[in-house]
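Please look through the sequence and the 3D structure below before reading on. The explanation after it goes through them step by step.

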Amino acid sequence: MASLRPSWRCGRALAPLTASSTPPGTRTVWPRSSRTSAKAAPLRRHASSSVAGGPLVGGVPVAPAACSAPADDAVRGYDEVPGPTPLPLLGNSWRFLPVVGNFRIQEMDRVCLGLRERYGDIVRMSGLLGRPDMVFVFDADLIEQVFRAEDALLPVRPSMPSLDAFKHGIRKDFFGDLAGVIAVHGPRWLEFRTRVQQVMLQPRTAKLYVGAIQDTAEAFVRRLRRLRDADGDAPADFVNEIHRWSLESIARVALDARLGCLDDAPPADTQALIDAVNTFFMNVGVLELKPPVWKLLPTPTWRAYIRALDDITNITSGYISRALDALRDSEQADGEVGADASLLQRVLAGHDARTAHILAIDLFLVGIDTTSAALASALYQLALHPEQQERLHGEVAAVLGRDGAVTAAALEAMPYLRAVLKEVLRMYPVVIGNGRTLTEDTVIANYRIPKGTQIIFQHYVISNEERYFPEARRFRPERWLRAELAARPPHPFASLPFGFGRRMCIGRRFAELELHTVVAKMVQKFRLEYRHPPLPYRVHPMYMPHGPLRITFHDR
Ligand code: HEM
C-alpha cells in the first residue's frame, strides 16, 4: 500500500516509495542529514531502465518529487514540465532578442521571478539555439535531493563553453589532460580537484593569509582616501577599484606575490595583468550569455577574450617560475614543506609547476569578479542600512579598536560581521543560479528529465522567498546570529551562495577571509552613506549593483 509522506516544508505530497514500487535491483540511499531522512523520500538507483509504478531510469539517481509534483504515482514525461512554449525554428531564443524579446539577460533575476510565479517550482526552458535545454528548480527540498544524489557521481557544472574552447582547443598544448577545475569535468576534474582541494579548504591554509589580506585591505583604504572627492564620494568607477583590490588579494594567495594593483602607478606587468583581467570580464558575459556566434566565426569579442586569456597565462607564468625558484633555493626543496608554507609552495612541493600554474589561472578566472561583486554589494547594503552598519561598527570597534589590525582571533570574535556577509549573499547571491548538467536520465519532481539537460538551481529566487526566510526582503543580519538560528533554523539548501557538495566553491575560505577583513577595515575607518538614486541589481554576469557606485565615505 503506497504511503504518501508530507513534505516537511510545503505540506504537499511526496512521491510514494513503497516496497511494491521498488523494482528488483533497486538500491535505496537515504540522504545523509537526519532532518531530511525523517521527512523526505529516499533517493533510488535502478538497475533496469524502466520501472512500472515508480520513478524509473537506468542506473540513475532519482530525485523524489517535492512540492510541485503531482500527487499520483505516475512519472510524467519531459514534455509535460511546465514552461514557456518554444516557437518552431526560433525555439525560446527569440525571447532574449532585443526589441521583440521580453527576457533581458542582465535582468535574469526578474525573468526568473516571473517564471517561478507563472509556472511553479520546476520550469522547462527549451529550444535555446546552440545550447542545451535548461530546467529551473525553485524549491529547496528538490535542490537538496539533486545535490545529494550527485554524491556518487562526478558532478558536471554547466559552465563556460568559451573557456572550455580555450583550454581544450586553442591552448590544449599548454593545458593538456589536467586542465584545472573550471570548465573541466569527469575523471580529469576529479584528479585535479583532489590534488588541490585539501590544501585549499583547510582552515589553517586560509589563516596563513590573514596578514597579507589585512595589508591589502589597508592599502585599499589608503587608496580610497586618495580617490574620493571633497565630499567623500567614491569615484564613479569605484567597481574598478574594487576589482583591483580583489586582484591584489587573489595574487597574494595564488602567486605569493604583491602585485601593487593599489599603487598609483602599478608596475608594467601588473598593469598588463589588470588590463587582461578587465578585458576577460568585459567579454566573458557576452560570450557566455548571448547566442554563441563565436563558435562559427572569430568575432572581435572572441579575439579580445582569447588575447586576454593568453596574457593572463603568460604573465602568471613568470610569477610561478619565481615562486618555484624561491622554493628550490629554500631548505624545503626536498618536497617537505613547513607548517607555514603557502598554498603555492604546498602545491609546488606536492605536484609540479604546471599544476600550480593552472590552479592559479583558475583562481584568477573565478575568484576576482565573484569577490568584487560581493564586496560592492556589501558596501552598498551597509550604506543603505545605517542601523545595521552602526551595530557592525560597534562590534568592530570593540574587537579591533580604532586602528587595530584584523587577526584570525579577531575575525572569530565578530559574529555580526559574518552575519552581514551571509545576509548580503542571501538577498543578493552573486551567482544567482548555479547548476548541474545531468549525466543520466533523472526523475525530478516526478518528471523524467533527459540526460544532458542543465538543471539550474534558482538560488536568488529561493533565498528571497517568505517560505524559507520570514521577512525575506528585509536586510536582517540578525537572522544569522546564533540565537535566531537556534530558534528558527533555515532550510540548509535555501541559501547556497557557494554551491554545495563535491564541486562547491573551492575558494570559499579565501573569499570569506578577504570579505570579512576588508569590510571590517572599511567600517572601522569610515561611515558609509549612499546619497544618490537607488541602484538596481543586474547580472553582469555576477549579480551586483548596477551603475556608478558613488558611496560616500566619511572618516570615523
Ligand atoms: C563571494 C565570493 C565567491 C562566491 C559567491 C563563489 C561562488 C562559487 C560558486 C557558486 C561555485 C560553484 C559551486 C558549485 O557548483 O556547487 C564556485 C566554484 C568555484 N569557486 Fe568560487 N566563489 C567565490 C569566490 C571564490 C574565490 C575567491 C576563489 C578562489 C580563491 C574561488 C574559486 C572557485 C573555484 C576554483 C570553483 C570551481 C570548483 C570546482 O568546479 O571544482 N571562488 N564558486
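Predicted model: local features only at pLDDT ≥ 70, side-chain atom pairs only at ≥ 80, totals over all residues.

Residues are numbered from 1 along each chain as its sequence is written.

Begin with helix α15, residues 386-400. Helices (H or I, at least four residues) and strands (E, at least two) are DSSP runs, numbered from the N terminus. The expected span of a helix is 1.5 Å times one less than its number of residues.

The buried residues of α15 (20 or more other C-beta atoms within 10 Å of the residue's own, C-beta atoms being placed from the backbone) are Q389, L392, H393, V396 and L400. They lie on the same side of α15 because they cover an arc of only 105° around the axis, taken from the directions from the helix axis to the C-beta atoms. An α-helix has 3.6 residues a turn, so residues three or four places apart point the same way. Exposed residues (12 or fewer such atoms) on the face turned away from the buried side are E387, G394 and A398. Just after α15, G401 has a positive phi of about 75°.

The elements that give two or more residues to the shell around the ligand are α9 (238-254), α13 (353-367), α14 and α20. Of these, α13 supplies the largest share, four residues.
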